[in-house]
Amino acid sequence: METPAGHSPTPDEAREALRQLAADEDAVRYPPIPAWFFLVQAAAVAGLFLVRLLPESGAGRATQLVAILAIALATGGLGRKYWFDRDGVSWATARPRDLLPFLAVLCGSYALCWVLAETTGATWVWIAGAVVAAAVVLVTGRSYRREFG
């Protein structure tokens, strides 16, 4: 906040200026995102789990890898278009402390499903993991939309 020489802002003026700066930063960092975005992302994340149910013998392993790559590219493209590189903004970034817990839960549940499926042979854990992961995305999306629109 620019002030004329010899004039210092009052504590209330300084607080208001800082509040406005934080709001402006959040408007760029966390734009309003349509509800369908989170539905599509939840389906895609669930798909990453469900791909593991495809047969692994022969071309099945290659099919799994191609499906995982296609889903990852599609979700990354949507995230780039509607969050990071939308009209009027170039490469906004999320705060790591906001994003890391979300990613830790998703990656952790995937790892847990992988360990359980490999050690017990219970492939149904991939279905349970897909449900949990999709729910995490939807709950996060609901919270995001409530806070940022």
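Student: In which crossing, left-handed or right-handed, does H2 pass H4?

Tutor: This is a predicted model, in which local features need pLDDT of at least 70, side-chain atom pairs count only at pLDDT 80 or more, and totals for chains, interfaces and linings use all residues. Residues are numbered from 1 along each chain as its sequence is written, and side-chain values use heavy atoms, with hydrogens and water left out. A crossing is left-handed if the near helix is turned anticlockwise from the far one by less than a right angle, and right-handed if clockwise. For H2 passing H4, the crossing is right-handed.

Student: Which residues of H4 make the contact with H2?

Tutor: Contact means heavy atoms within 4.5 Å. From H2 the contact takes Val45, Leu48 and Phe49, and from H4 it takes Leu106, Ser109, Tyr110 and Cys113.

Student: How are H2 and H3 oriented to each other, and why?

Tutor: Helices (H or I, at least four residues) are DSSP runs, numbered from the N terminus. H2 (residues 35–50) and H3 (residues 60–84) pack at an angle of about 160° with axes 10 Å apart; axes are lines fitted to C-alpha atoms, for helices over the stretch in contact, and angles run from 0 to 180 degrees between N-to-C directions. Angles under 35 degrees count as roughly parallel, over 145 as roughly antiparallel, 65 to 115 as roughly perpendicular and the rest as oblique. H2 and H3 are therefore roughly antiparallel.

Student: How many nonpolar residues does the contact of H4 with H5 have?

Tutor: The axes of H4 and H5 come within 9 Å and cross at roughly 175°, which makes the two helices roughly antiparallel. Residues in this contact include Phe102 and Trp114 of H4, and Trp126 and Val136 of H5. Ala, Val, Leu, Ile, Met, Phe, Trp, Tyr, Cys and Pro count as nonpolar, Asp, Glu, Lys and Arg as charged, and the others, Gly among them, as polar. The contact has no charged residues, 2 polar and 13 nonpolar.

Student: Which helix gives the most to the lining of the largest pocket?

Tutor: A pocket is an open set of points on a 1 Å grid over the protein atoms alone, where a 1.4 Å probe fits, with protein on both sides within 12 Å along at least five of seven lines; lining residues have an atom within 4 Å of a point. The largest pocket is lined by 34 residues. H2, H3, H4 (96–120) and H5 (124–148) each supply at least two residues of that lining. With 8 residues, the helix that gives the most is H3.
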